[in-house]
Amino acid sequence: MFTGVSAFPLTPMNESSIDESAFSKLLSNLVINKVDSIGVLGSTGSYAYLSVPERKRIAEIAIEHAQEIPIIVGIGALRTRDVLTLAEHAQSAGADAVLLAPVSYQKLTDNEVFGLYETVTRSLSIPLCVYDNPSTTHFEFNHELHARIAQLPHVGSIKLPPLPTDPQIAKVKVEQLRSLIPSHVTIGISGDVYALNGLQAGCDAWYSVIAGLFPLAAQEILGAFKTQGVDEATRLNKRLEPLWAMFKQYGSLRVLATAAALLGFVAEPCLPLPIKALDSESRTKLGRILKEIELL
């Protein structure tokens, strides 16, 4: 389950409710294109902006629509009690796995983060993916902490942030981590702009934002990497450079939300305030880019 392309879709919403119909359309697109797994309520899914009941409902919708595709449900929250509530609901609703980031307002210590995962895994009966995302949690894992957590029951994968751009340094980092964790625990890469770098370094999975809306784009890159080698994968990835530039400038969430509206998947607004989609000028630029790279 924690291999291949894992697609992370938006959670379309406005200030009064989640848009269940739009979310269902996004899920159907992923099911039709047979992604390897679907990750809901990740950062792209705006989990931190949703209430516990809203998050439960999103998990239920995803599980209802997934058919045979594994569903990974994000359960990160400020308080351990809420993490446990969300974990229990995900399990009872039929999720295949959970995704947990150490969310906090106060900066956490290594022991506090380990304690969180120890407490949560003790109550789990399904696999857990460790979500290492310092850009949002402001907590930085180290190899030693990853190794401690990976020994806990039910831990099945580690979702890494972007690796160093130097291919050799990135490869060494992945190999060092792999030498410290059990063989059944996979290593996945996130941060689509640098995802190919992670795949070259030896990551098993691509936890992908772009796949949440354009699954074929991610599948083509990973497929080319596996069957034709890095040169063809690099060519396909380079084709998306204008989109990656938009990600760097505005953030992937704003860009994907705007793209989803351009494609007719969502009504606007679809992001939780104060976050907003791209302005008119940038929206026009994105539309032009998507046409040029044949995604629109």
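I first sorted the lining of the largest cavity by class, and its residues divide into six nonpolar, two polar and two charged (Ala, Val, Leu, Ile, Met, Phe, Trp, Tyr, Cys and Pro count as nonpolar, Asp, Glu, Lys and Arg as charged, and the others, Gly among them, as polar). I note that this is a predicted model, in which local features need pLDDT of at least 70 and side-chain atom pairs count only at pLDDT 80 or more, while totals for chains, interfaces and linings use all residues. Residues are numbered from 1 along each chain as its sequence is written, and side-chain values use heavy atoms, with hydrogens and water left out.

I then looked up the lining itself, which includes R55, K56, H89 and G74. A cavity here is a set of points, on a 1 Å grid over the protein atoms alone, where a 1.4 Å probe fits but cannot get out, and lining residues have an atom within 4 Å of a point. The volume of this largest cavity is about 40 Å³, taken as the space filled by probe spheres set on the points, with grid points joined across faces, edges and corners.

For the second largest cavity I found a lining of seven nonpolar, two polar and no charged residues, among them F8, T44 and G212.

Turning to the strands (DSSP runs of E, at least two residues, numbered from the N terminus), I found a closed barrel of eight, running 1-2-3-4-5-6-7-8 with parallel pairing, where two strands pair if DSSP finds at least two bridges between them. Strand 1 (residues 4–7) and strand 8 (residues 205–208) are joined by four bridges, and V5 stands opposite W206 in strand 8.

Key. 1 Å grid on protein atoms, 1.4 Å probe; cavity = no way out; pocket = protein on both sides within 12 Å on 5 of 7 lines; lining within 4 Å.
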